[in-house]
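Trainee: Let us go through this model term by term. I will ask what backs each label.

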Amino acid sequence: MSERVLVTGGAGFIGSHLADALLTRGDEVRVLDDLVPEAHPERKARFVPPGADLVVGDLRDPAAVNRALEGVEVVHHLGGIVGNGKSMLEVRRTVDVNVVGTATLLEGIVARRDRIRRLVVASSMAAYGDGAYRCAEHGAVARVRRTDERLASGLWEPLCPRCEREVEPIATSEDHPLCPISVYGVSKRDQEELCLSVARAHAIPTIALRYLNTYGSRQTLGNPYTGVAALMATRLLSGRRPTIFEDGKQRRDLVHVSDVVRATIAAGAAPERAWYQAFNVGTGRSVTVVELAKLISRALGRDLEPEMTGEHRAGDIRHCFADVTRARELLGFAARVSLSDGASELVDWAAGERALDSSERANAELRARGIIR
Ligand SMILES: NC(=O)c1ccc[n+]([C@@H]2O[C@H](COP(=O)([O-])OP(=O)(O)OC[C@H]3O[C@@H](n4cnc5c(N)ncnc54)[C@H](O)[C@@H]3O)[C@@H](O)[C@H]2O)c1
Ligand SMILES: [Zn+2]
């Protein structure tokens, strides 16, 4: 059945792949996107498929939102400011776009609740803050501690708040408490909770998807604040060693964009028992950041060892990888793309781009402002 779908942020990395997939299955697709400079340095909607109807406008502008919602039955809300590092400096802008922008969109959706059948909102693992851990003595630990003293001495592993012993990372399930440690994470938590609570009150079936670290073609290469895999590819392609904060042993769950798109489409058609809930979208597997750097340099055929800076960037967590049980059981979703296949897809695409590696300048700014130390 063909649907009329709005994808906010549909000119971006994940949103444009989603728009492609929706068009392929026969939906009518509209995109609302403001083409922000960090995602679109040339202010051009390069990735919006020709079959989609593009509305260039700001989520915070009710007139643009109302225009974009005209005739729409399903909303996928992916638009917003992305990334932890810069959000620690751009506090107001991050909150304004992600929270006030979402509130503006919600008012437009509520006004059309007779027609709008579904809302899917892109939340993030950043809403958790650090992932789940187990203490040998105290079992599951909800909220670990990483003190400034330990970070300054290069002791990266978090501690059990009760016995101050190092804890072991375990898969993070959706029941893990949301304790974000970056402005971006706070804004994603608020965005998710706003959508779930407002939609529930107005009986608009809604699902929040907490994407883990998403990677793949069209990922912003020039933005030094997002996308660890893309950042590494950009460094390597400019002949530089990837730089890694801390000791590189932090664990992440890298999920390919095509899997994220499948999960998002599944959420748009999920059965009632899945409504008004949040779901992790990840692979359930974890990789250290050093392993990831090596995999990407192999995929690019560049033999450059990553460099560990031994620094900590405020807003960064130590480990997080997903427990994927809920998405499997209620959305019928399981990730398919292996990291090596996904890395090839990313680097094949990145090799054809001319991205400027601006990470050194960006990190210098974060250092000057005390965010990296
Ligand atoms: N990439 C990841 O690893 C990841 C992980 C977790 C969650 N997410 C979430 O997925 C969504 C998509 O992220 P992405 O990686 O594709 O990033 P992206 O930056 O490529 O896409 C975001 C899009 O939103 C647009 N946008 C920004 N501000 C806007 C505004 N005020 N009005 C309208 N449009 C605006 C941007 O121009 C951009 O095209 C975001 O909500 C992000 O928080 C991404
Ligand atoms: Zn303990």
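Mentor: What covers the buried residues of helix 6 includes strand 10 (213-215), strand 11 (243-244), strand 13 (254-256), helix 8 (289-300), helix 10 (339-351) and helix 11 (359-368). Covering rests on contact, meaning heavy atoms within 4.5 Å. Helices (H or I, at least four residues) and strands (E, at least two) are DSSP runs, numbered from the N terminus. This is a predicted model: local features need pLDDT of at least 70, side-chain atom pairs count only at pLDDT 80 or more, and totals for chains, interfaces and linings use all residues. Residues are numbered from 1 along each chain as its sequence is written, chains are lettered from A and ligands numbered from 1 in the order in which they are written, and side-chain values use heavy atoms, with hydrogens and water left out.

Trainee: Why is helix 6 called largely enclosed?

Mentor: Buried means under 20% relative accessible area (1.4 Å probe, protein chains only), exposed over 50%, partly exposed in between. In helix 6 (residues 228-237), 7 of the 10 residues are buried, so the rest of the structure largely encloses it. Those seven are Ala 229, Ala 230, Met 232, Ala 233, Thr 234, Arg 235 and Leu 236.

Trainee: How do you know which residues are in the largest nonpolar core?

Mentor: A nonpolar core is a set of buried Ala, Val, Leu, Ile, Met, Phe, Trp, Tyr and Cys residues joined through side-chain atoms within 4.5 Å. The largest has 42 residues, and Ile 207, Leu 209, Tyr 211, Phe 279 and Leu 331 have the most contacts inside it. Its largest share, 6 residues, comes from helix 7 (257-267).

Trainee: What does Leu 209 touch beyond its neighbours within four places in sequence?

Mentor: Its contacts include Val 120, Ala 263, Phe 279 and Leu 331.
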